[in-house]
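The sequence and structure come next.

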Amino acid sequence: MSFDAHDGHRQGFYDAFFNNHEESGTTAANVREKEVASGNHQKEKGRVYMERVYHEIEPVFDEESKILILGSFPSVKSREGHFFYHHPRNRFWKVMAAELECDLPETVEEKKKMLLTHHIAIWDVIASCEISGSSDSSIRNVIPNDLNVILKRAPIQQIFTNGGTAYQLYQKYCMENTQKEAFRLPSTSPANAACSMERLTKEWSIIRNLF
């Protein structure tokens, strides 16, 4: 979530988010405590090292967000950069800039501003999982984020998933709780290189048509 520190109203909303999220039991710290206590924080399966990893990037949203875009789980590059879609070859920000007819944002603050100006929220389905590197196909033992943290505070009209894995995870772990259908969009990940930028912008244009 992104707010200006000098805005008292938004700061109060920011504080309310963290209070609620801590109560939900899905904060990174709480998830970590549960997993370490259970002895399930690291595993090695065959020759692939599976590491228990925790989502520590704040969701981007405010009380005017109408669209929620969900990924699966931050990549290694995103975890290192502490923000969504941080891999230089991930086309998410290029696609969003094209759809919203904006200049390509460069900094984290510019990216947040672009999203919030257009009433778009972003987060991921997973709060914690075992994963090898950035491989979605290796994801195991998922603990989902509590998406109602956003849904109870913002008038979300439509949920989209960035790729098939995020969609499948949403259906499995979140749909029953949110009672909202999600629409699957093709992944902007570099792993989906077969999907051209032209096709991505065409498929993602559904977002532009909602405004």
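## Helix 5 and the residue after it

In helix 5, the buried residues are Lys-111, Lys-112, Met-114, Leu-115 and Leu-116; buried means under 20% relative accessible area, exposed over 50%, and partly exposed in between, with a 1.4 Å probe and protein chains only. These buried residues pack against helix 4 and strand 4, where contact means heavy atoms within 4.5 Å. Helices (H or I, at least four residues) and strands (E, at least two) are DSSP runs, numbered from the N terminus.

The model is predicted: local features need pLDDT of at least 70, side-chain atom pairs count only at pLDDT 80 or more, and totals for chains, interfaces and linings use all residues. Residues are numbered from 1 along each chain as its sequence is written, and side-chain values use heavy atoms, with hydrogens and water left out.

Just after helix 5, His-119 takes a positive phi of about 60 degrees. His-119 is not a glycine, and its place is the loop between helix 5 and strand 4. With a relative accessibility of 24%, His-119 counts as partly exposed.

## Other positive phi angles

Most residues other than glycine have a negative phi. Gln-179 is not a glycine, yet its phi is positive, about 60 degrees. Gln-179 is found in the loop between helix 8 (175-178) and strand 8, and it is exposed, with a relative accessible area of 61%. Glu-101, which follows helix 4, also has a positive phi, near 55 degrees.

## Helix 4

How many of the 9 residues of helix 4 are buried? The count is 7, so helix 4 is mostly covered. The buried residues are Phe-92, Trp-93, Val-95, Met-96, Ala-97, Glu-99 and Leu-100. Their cover includes strand 3, helix 5 (108-117), strand 4, strand 7 and helix 9.

## Helix 9

Helix 9 runs over residues 197-208 and has 12 residues. At 1.5 Å a residue it should span 16 Å, and its end C-alpha atoms are 16 Å apart, which agrees. The expected span is 1.5 Å times one less than the number of residues.

Leu-200, Trp-204, Ser-205 and Ile-207 are the buried residues of helix 9. Seen down the helix axis, they fall within an arc of 150 degrees, so they line one face of helix 9; the arc is that of the directions from the helix axis to the C-beta atoms. An α-helix has 3.6 residues a turn, so residues three or four places apart point the same way. The face of helix 9 turned away from the buried side carries the exposed residues Glu-198 and Lys-202. Among the elements that cover the buried residues of helix 9 are strand 3 (67-71), helix 4 (92-100), strand 4 (120-124), strand 7 (158-162) and strand 8.

Phe-183 is in strand 8. At 38% relative accessibility, Phe-183 counts as partly exposed. Leaving aside neighbours within four places in sequence, Phe-183 is in contact with Gln-158, Ile-159, Phe-160, Thr-161 and Ile-206. Phe-183 and Gln-158 are 25 residues apart along the chain, and their C-alpha atoms are separated by 7.9 Å.

Pro-144 belongs to strand 6 (residues 140-144) and, at 21% relative accessibility, counts as partly exposed. Pro-144 and Cys-129 are 15 residues apart in sequence and 8.5 Å apart in space, C-alpha to C-alpha.

## The largest pocket

The largest pocket holds about 620 Å³ of space. Of the 31 residues that line this pocket, Ser-72, Asn-90, Asp-136, Ser-187 and Ser-189 are the closest to its centre. Helix 7 (164-173) and strand 8 (182-185) are the elements that give two or more residues to the lining. A pocket is an open set of points on a 1 Å grid over the protein atoms alone where a 1.4 Å probe fits, with protein on both sides within 12 Å along at least five of seven lines; lining residues have an atom within 4 Å of a point. Grid points are joined across faces, edges and corners, and the volume is the space filled by probe spheres set on the points.

By class, the lining has 11 nonpolar, 16 polar and 4 charged residues. Ala, Val, Leu, Ile, Met, Phe, Trp, Tyr, Cys and Pro count as nonpolar, Asp, Glu, Lys and Arg as charged, and the others, Gly among them, as polar.

## The chain as a whole

The protein chain has 9 helices and 8 strands. Of its 211 residues, 46% count as buried. Among contacts with a separation of 6 or more, 66% come from residues 24 or more positions apart.
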